[in-house]
Amino acid sequence: MDMEERYRLIFSTIFNAIGFRVEVERMLVTGRIDMVVYATRYIYVMELKLSNNGGLAAAEQQIKACGYMEPFKADKRKVIGLAVELDSEGKGLIDWKAVE
C-alpha cells in the first residue's frame, strides 16, 4: 500500500465513523476521483496529492481539468472541491484548498 492509499484509508475511515457516506476511487470517463464525501448539505469532491507528486497545485489542476465536480451539479447539495496536499513521509496534512 503506497502512502496516498494509506491517507485515503484514514480519511475514509474517519468520515465513515462520523456518519458520512464515502466513495473512494470513484470512476468517471475523465479520470478517477480519490474520494467523494456525501454530507447532508454538501458533497465534497476530494483529490489527494502527496507533496512529492505535485502537491496542492496538481490536485487543484486535476479537479478542474477532469471536471470532477460536474457529475454532482444536479444534486440539490452544494458541491465543494477540495484539493489536499499530504506529506509524502506520512507526517500528515500539509495544506488544502477549496476549488471553485
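Modeller: A residue counts as buried when its relative accessible area is under 20%. Please note that this is a predicted model.

Biologist: Is Tyr 38 buried or exposed, then?
Modeller: Tyr 38 has a relative accessible area of 9%, so it is buried.

Biologist: And which aromatic residue does Tyr 38 pair with?
Modeller: Tyr 38 pairs with Phe 72 in an edge-to-face arrangement, with 6.3 Å from centre to centre and 70° between the planes. The pair connects distant parts of the chain, as Tyr 38 belongs to strand β2 (residues 31-38) and Phe 72 to the loop between α2 (55-65) and β4 (78-86), 34 residues apart. Phe 72 is likewise buried, at 5% relative accessibility.

Biologist: How many aromatic pairs are there in the whole structure?
Modeller: The search finds four. One of them is Phe 11 with Phe 15, whose ring centres are 6.5 Å apart and whose planes meet at 20°, so this pair is stacked. Both residues are in helix α1 (residues 3-17), where a spacing of four residues separates them by about one helical turn. Phe 11 and Phe 15 also form one aromatic cluster with Phe 20.

Biologist: How many positive and negative side chains does the chain have?
Modeller: There are 14 positive and 15 negative side chains, and the centres of the two sets are 7 Å apart.

Methods: Residues numbered from 1 in each chain as written. Predicted model: local features only at pLDDT ≥ 70, side-chain atom pairs only at ≥ 80, totals over all residues. Heavy atoms only, no water. Lys, Arg positive; Asp, Glu negative; His and termini not counted. Charge placed at Lys NZ, Arg CZ, Asp CG, Glu CD. Phe/Tyr/Trp six-rings, centres within 6.5 Å; stacked < 30°, edge-to-face > 60°. Helix = DSSP H or I, 4+ residues; strand = E, 2+ residues; numbered from the N terminus. Buried < 20%, exposed > 50% of the residue type's maximum accessible area, 1.4 Å probe, protein only.
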